[in-house]
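Welcome! Please take a moment to look over the sequence and the structure, and then we can walk through them together.

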Amino acid sequence: MKAFTAKEKKDIINEFNDLLKTANVEPKSEEHKVVSKAFKIAYEAHANMRRKSGKPYIYHPIEVARIASHEIGLGTKSIVASLLHDVVEDTDITIEDVERQFGPKIANIVDGLTKISGVFLNRSNMQAENFRKILMTMTDDLRVIIIKLADRLHNMRTLDSMPPNKQLKIAGETLFIYAPLAHRMGLYSLKTELEDLCLKYMHPQEYVEIESLIKETEKKRLTYINRFALPITSRLNDEGFEFEISGRPKSIYSIWNKMETKSVTFEEVFDLFAIRIIFDPKDDIPEKIQCWNIYSIITDMYIPKSDRIRDWVSQPKSNGYEALHSTVMGPGGKWVEVQIRSSRMNEIAERGYAAHWKYKGISQHEGELDRWIKEIREMLEDPKSDAFEFLDEFKLNLFTSEIMVFTPKGEILTLPASATALDFAFFIHSEVGLHAVGAKVNHKLVPLNQKLKAADQIEIITSAKQQPDPNWLKFVTTIKAKSKLKNVSREHRKKITEEGKINLEYLLMELGMPSNSNVFRKLFNHYNTQNKEELYFKIGDKKLDRDTLKKIMKKRSRSKYIKFWGIEKPGTTNAAQKFDKSKPLIVDDNTRNYEIAVCCHPIPGDDVIGYKASDDDIVIHTSSCPKAIELNSRESQHVVKVEWTSQKLLAFLGRITLKGIDDVGIVSDVTSIISKELNVNMRSINFESHDGIFEGLIDVYVHNSNDLNNLIMNIGNIKGVSTVSRQEIKEEPI
Ligand code: MN
C-alpha cells in the first residue's frame with residue numbers, strides 16, 4: 001500500500017465533486033449530505049488501497065456511482081449504495097455500521113451487493129434453475145442487480161490492467177451472466193458496451209477486424225442512408241416534425257455474433273441497413289399516433305414488408321422497450337429496417353426504464369423505480385409469463401455460438417458450440433489434452449470426440465501412456481487444441497524430415513554422387529515437390545533405397561524451361577541475394593537461383609510470387625496457384641513478392657486451348673501464324689475433331705506473357721476459330 005500523494009487526494013475530491021454535479025445533487029440539500037457522508041466513509045475505508053492499475057481504489061466506487069446515476073439514471077440511494085458497494089466485502093466496516101449510518105434500505109442494497117458477489121463466485125450454484133431463485137431471494141431490491149451491472153461495466157472498462165487469463169475469465173462471465181441480465185433489464189446501451197468489451201478481450205483479432213471493416217464501409221453506408229432518408233426528411237419537415245434520422249449503428253459484437261451463428265460474411269450482415277427515426281413529440285397529439293403518422297409517411301415512399309411490423313408502442317416489451325419497427329424496400333432493392341421512436345422512448349431504449357424518470361420530475365424518482373422494480377419482479381416470479389424466457393436464457397443456451405460447460409469442481413468454461421470433450425481437455429491444460437484417453441460427461445463415460453452440450457459437466461480421464469493421435473485433429477475445433485496437436489505433429493514431421501535427410505545423404509555418398517542442384521532437380525521431379533524440406537520428409541516417410549535412387553537419377557531430367565536463342569551470361573549467379581519482404585524480388589536474365597513451379601507453370605509477366613525453398617533457391621508460382629495460396633497462408637515468412645517481366649534469354653512453356661469449326665485449312669492457318677511470331681517456338685500441337693467441331697491444344701515456348709497474349713489474339717483472328725485462351729498446365733507437357 002502506497003499512501004496517496006497530496007495530488008492524488010486532490011484529484012479524488014475533484015472526481016467526487018464532478019460526480020455530484022453530473023448526478024444533479026443540489027448543494028446543501030439533504031441528499032448532498034448523505035452522499036458526502038457515504039463518500040467519506042468509503043474514502044476512509046479504502047484509504048491507500050489501489051487497484052491493479054495503480055490508481056487509488058476509491059475511483060472505482062465513484063465511477064460505479066456515476067454509471068448508476070448518470071448512465072442508468074438511478075437516484076441518490078443508489079449513488080450512496082454504489083459508493084459503499086465494496087466496503088463490507090473488502091474493509092472492516094460491517095453491514096450494521098452501514099445500517100446505523102444510512103438506514104435499513106441502503107444497508108439492504110449494500111448487503112445484497114456483498115452477497116451477490118458470493119453467488120457469482122460460487123459457480124457450482126450456477127445451475128440455471130437455481131440461479132433465478134438465488135437472485136430473487138438475495139435481491140429484495142433490483143437496484144442490487146443494476147448496481148452490480150454498473151460495477152461490472154466499470155471493471156470491464158478497466159480490464160486492460162488485468163493479466164490476460166483474468167481478462168478472459170472476467171469477459172467470459174460477463175458475456176454469460178451480466179450481458180443477458182442487462183438485456184433483461186432493458187439496459188441496451190450497457191448491454192451493448194459489455195458485449196463489445198467482451199469480444200475485444202475474447203476475440204481481439206476479430207474485434208479489430210470488424211472495427212476496421214465498419215470504418216472502411218462507413219462512407220458507403222452513409223451514402224445509402226442519406227439516399228434513403230432524403231425524401232423522408234423533406235416530408236417530415238413539411239409535416240412539422242422535429243426529428244433525427246440516423247443509420248442505426250450495429251455493435252461490433254452483434255455483427256460478430258451474426259457472422260458466427262449464421263455463417264455469413266461481414267458484407268452480408270452489413271448490407272442489412274437499419275434506420276432510426278427519433279422525434280420530439282408534438283404536445284397535442286399522443287406519441288402513439290405520431291409514430292403511426294411517421295410510419296404512414298415512410299410507407300408512402302417505400303413499400304413495407306407486410307409481415308414485418310413490430311408494434312411495441314401499443315404494447316411495450318416487458319422490460320419497458322417502446323418503439324415501432326417496420327421493414328421497407330429501399331432504393332436499389334434493399335430491405336431497410338426502420339425504427340420509429342419518440343425521444344422519450346429512445347431514452348428508455350438506450351438507458352433502460354430508469355431513464356424514464358427524467359420525464360417525470362426528480363421528486364418522483366424513487367417511487368417510479370419501486371414501481372418498475374415491482375413489475376420486473378412480478379415478471380420474474382410469474383412462471384407463466386415470459387419469465388420462462390429468462391429462465392431459458394440461463395439454461396445456458398443463450399449464445400448459440402458458444403456454450404458454457406462445467407468442470408468437476410463446478411467452474412464455468414466457455415467453449416465454441418462445436419467443442420468436443422477433447423477440446424475441453426485441451427482447454428483445461430495441454431498436458432491433459434495430450435494424454436486424454438476418454439471423458440465422463442455428466443458422470444457417463446464417453447469417447448473423446450463426444451460433442452459437448454451447454455451445461456455439461458465434464459471430467460477428463462488421462463493416462464501417462466497415451467500419445468496424441470493425428471486423427472484427433474479431425475474432431476477438435478478450438479484453436480488451442482488444434483495448434484497444440486499441430487505442434488506435436490510438426491515435431492513428428494521434423495523427426496521424419498531429419499531421417500529422410502540422413503537417408504538421402506547416406507545413399508548419395510554410397511553411390512558416390514554429388515548433392516548438386518542437378519540431382520535435386522531430378523529428385524524434386526520424382527517426388528513432385530519444390531523444396532528440400534518436403535523432399536526429405538517424403539524420403540523419410542517412405543524410406544528411399546539404393547535402387548530406387550539409381551532409377552530416379554537415370555531418368556532424363558525434364559527441365560522446366562529451356563534455354564534458347566541461348567547465350568548464357570557468365571558468372572552472374574547471385575546466390576547471396578537477400579530476400580527483403582518489403583521490396584519485390586526482381587527476377588530477370590541475371591537471376592539464376594530460381595525455378596518455375598511445375599504446378600502452375602508461370603510465365604514472365606504473370607502475377608507471381610516467390611517461395612523461398614531454401615537459402616539460395618526460390619520457386620516461382622502464379623499468385624492464383626492453389627499451392628501458392630497455401631504457402632502464403634502456411635509459410636508466409638518464406639513467400640516474397642516477385643517482379644518478373646523482362647526475360648530475353650529464357651523461354652517458358654505456355655499452353656493454348658482453342659475451339660472452332662472444323663475446316664481443312666485450320667491447322668495450317670494456326671501453325672503458320674505461330675511460325676510467324678518471332679518470339680514464339682512451338683513445342684507441340686494436338687488437334688481433335690468430331691461432329692464438325694475441332695478442339696486443339698498447343699504448347700509453345702515464349703519469353704513472357706505478352707508474347708503469349710499476342711499469339712492468342714492472332715489465333716483468335718483466324719476465321720473459324722471461335723474461342724482461344726491460355727490454359728493452365730497441370731500435367732506434364734503434351
Ligand atoms: Mn466493485
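## The protein as a whole

Please keep in mind from the start that this is a predicted model. The protein is built with 27 helices and 20 strands. It has 734 residues, and 47% of them count as buried.

How much of the accessible surface belongs to carbon and sulfur atoms? Their share is 52% of a surface of about 37,300 Å². The contacts tell us something about the chain as well: among those between residues at least 6 apart in sequence, 67% join residues at least 24 apart.

## The manganese site

Which residues are the protein donors of the manganese ion? They are His 60 and His 85, each through NE2, together with Asp 86 and Asp 151, each through OD. These donors lie 2.2 to 2.5 Å from the ion. Along the chain, their spacing reads H-x24-H-D-x64-D.

Are they buried or exposed? His 85 has a relative accessible area of 3%, so it counts as buried. Asp 151 is buried too, because its relative accessibility is 6%, and the cut-off for buried is under 20%.

Next comes an open sheet of five strands, arranged in the order 1-2-5-4-3, with mixed pairing. At its edges are strand 1 (242-247) and strand 3 (310-311), each of which pairs on one side only. Strand 3 runs antiparallel to strand 4 (residues 324-329), and two bridges join them. To find this pairing in the view, look for Asp 311, which stands opposite Leu 324 in strand 4.

A helix accompanies this sheet: helix 16 (residues 343-351) packs on it and touches strand 2 (273-280) and strand 5 (335-342). The direction of helix 16 makes about 105 degrees with that of strand 5.

Another open sheet has three strands in the order 9-8-10, and here the pairing is antiparallel. Why is one side of strand 9 (444-446) and of strand 10 (458-462) left without a neighbour in the sheet? Both stand at the edges and each has a single partner strand, so there is no neighbour on one side of each. Neighbouring strands of this sheet are turned by 30 degrees against each other on average, with direction ignored.

Five bridges hold the antiparallel pairing of strand 8 (residues 436-441) with strand 10. One place to look is Gly 438, whose bridge partner in strand 10 is Ile 461. Helix 19 (residues 421-428) packs on this sheet, where it touches strand 8 and strand 10, and its direction makes about 80 degrees with that of strand 10.

Strand 17 runs antiparallel to strand 19 (residues 693-702), and 10 bridges join the two. In this pairing, Gly 654 stands opposite Val 700 in strand 19. Strand 17 also pairs with strand 20 (residues 721-727), again in the antiparallel sense, over six bridges. There, the bridge partner of Lys 659 is Thr 723 in strand 20.

## Two residues in helices

Gln 290 lies in helix 15 (residues 287-301). With a relative accessible area of 0%, Gln 290 is buried. Its side chain reaches the backbone nitrogen of Lys 282 at 2.8 Å. Leaving out residues up to four places away in sequence, Gln 290 touches Phe 241, Phe 279, Pro 281, Lys 282 and Ile 285.

Ser 234 is found in helix 12 (residues 204-238). Its relative accessible area is 39%, so Ser 234 counts as partly exposed. What does the side chain of Ser 234 reach? It reaches the backbone oxygen of Pro 231, at 3.3 Å.

Conventions
Residues numbered from 1 in each chain as written. Predicted model: local features only at pLDDT ≥ 70, side-chain atom pairs only at ≥ 80, totals over all residues. Heavy atoms only, no water. Helix = DSSP H or I, 4+ residues; strand = E, 2+ residues; numbered from the N terminus. Buried < 20%, exposed > 50% of the residue type's maximum accessible area, 1.4 Å probe, protein only. Polar contact = N/O pair within 3.5 Å; in protein donor to acceptor, adjacent residues only side chain to side chain. Contact = heavy atoms within 4.5 Å. Pairing = 2+ DSSP bridges. Axes fitted to C-alpha atoms, helices over the stretch in contact; angles between N-to-C directions. Areas by Shrake-Rupley, 256 points an atom, 1.4 Å probe, with all protein chains shown as cover. Donors = N, O, S within 2.8 Å, 3.2 Å for Na, K, Ca; no water.
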